[in-house]
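Please look through the sequence and the model first.

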Amino acid sequence: MKFFIDTANIEQIKEAASIGILDGVTTNPTLISREKGNPEDIFKAICEIVDGPVSAEAVSPDWQGMVKEGRHLASLHKNIVVKIPMTKEGLKAVKVLATEGIRTNVTLVFSPIQALLAARAGAAFVSPFVGRLDDIASEGMERVEQIMQIFSNYALSAEVIVASIRHPMHVVRAAMIGAHIATIPFKVIEQMMKHPLTDNGITRFLADWEKVKNRS
Ligand code: G3P
């Protein structure tokens, strides 16, 4: 499974890249609003750090506006993927952008049928939001299982990005299901590396080493 980071924070992206596990980045208007600076400068800076897909969201309400924005965003850097919301207008924009070779990531996907529509329209990536479904007492990961089954049934090439991840178990479940990608907040990436037995083990090994290191 590929790991993307779900943030627009340059320091977090640099830190995750330095661990050697980072395959791409997803942003959204909320994540951009938390950072300083012009959005386009942020997108370009991210593309300089990570050599993989970097999602930048189009915000126009109509397909013509989304296509125009998408063309401009894609012109900023070869790694930019245009994030398009899962609406009727969004699907129209995905279709046009796909014919021009511009990759899209259809976002705010909450059902398998929305995912199927996005893939059929020509999306390169489809992003089901698991955490926001869990928040309303609906099993987000079950939707991901269904989406993977449907994509497999019809050999659809769109890659599934499990998004709105809130904790490491979401990542474990995504990997067990065989989802292509998980886009993960920095805090969860840090949690994924931790285990109390690892910390205890290091403490014990270091203490024992202190006893023997000066032996002749
Ligand atoms: O980037 C989209 C998605 O991951 C947002 O997550 O936590 O705002 O539901 P969240």
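Which strands does helix α6 lie across, and at about what angle does the helix run to β5?

## Basis of the description

This is a predicted model, in which local features need pLDDT of at least 70 and side-chain atom pairs count only at pLDDT 80 or more, while totals for chains, interfaces and linings use all residues. Residues are numbered from 1 along each chain as its sequence is written, and side-chain values use heavy atoms, with hydrogens and water left out.

## Helices against strands

Helix α6 (residues 112-121) lies across β5 (104-109) and β6 (125-128), and its direction is at about 165° to β5. Helix α8 (residues 140-153) lies across β6 and β7, at about 175° to β7. Helices (H or I, at least four residues) and strands (E, at least two) are DSSP runs, numbered from the N terminus. Axes are lines fitted to C-alpha atoms, for helices over the stretch in contact (heavy atoms within 4.5 Å). The angles run from 0 to 180 degrees between N-to-C directions.

## The barrel

Eight strands form a closed barrel in the order β1-β2-β3-β4-β5-β6-β7-β8, with parallel pairing. From one strand to the next, the twist averages 30°. Two strands count as paired if DSSP finds at least two bridges between them. Strands of a sheet pair through backbone hydrogen bonds, either parallel or antiparallel.

Strand β8 (residues 181-184) is joined to the parallel strand β7 (residues 159-162) by two bridges, and I161 stands opposite I181 in β8. Strand β1 (residues 2-6) pairs with β8 over four bridges, also in the parallel sense. There, I181 of β8 is the bridge partner of K2. In a regular strand the side chains alternate between the two faces of the sheet. Both faces of β8 are covered, with I181 and T183 buried on one side and A182 and I184 buried on the other. Buried means under 20% relative accessible area, exposed over 50%, and partly exposed in between (1.4 Å probe, protein chains only).

## Around the ligand

The residues around the ligand (a heavy atom within 4 Å of it) are D6, N28, K83, F129, R132, A163, S164 and R166. Three of these make polar contacts, meaning a pair of N or O atoms within 3.5 Å. A polar side-chain atom of D6 is 2.5 Å from a ligand oxygen atom, and for R132 the distance to an oxygen atom of the ligand is 2.7 Å. An N or O atom in the side chain of K83 is 3.3 Å from a ligand oxygen. On its own the ligand has 310 Å² of accessible area, of which the protein covers 83%. Accessible areas come from the Shrake-Rupley method with a 1.4 Å probe.

## Residues in loops

Most residues other than glycine have a negative phi. S164, in the loop between β7 and α9 (168-177), has a positive phi of about 60° although it is not a glycine. S164 counts as buried because its relative accessibility is 10%. A137, in the loop between α7 (130-135) and α8, is another non-glycine residue with a positive phi of about 60°. A137 has a relative accessible area of 77%, so it is exposed.

N79 sits in the loop between α4 (63-76) and β4 (80-85), and it is buried because its relative accessible area is 6%. The side chain of N79 reaches the backbone oxygen of V50 at 3.3 Å.

Definitions and conventions. A polar contact is a pair of N or O atoms within 3.5 Å; within protein, one must be able to donate a hydrogen and the other to accept it, and residues adjacent in sequence count only if both atoms are side-chain atoms.
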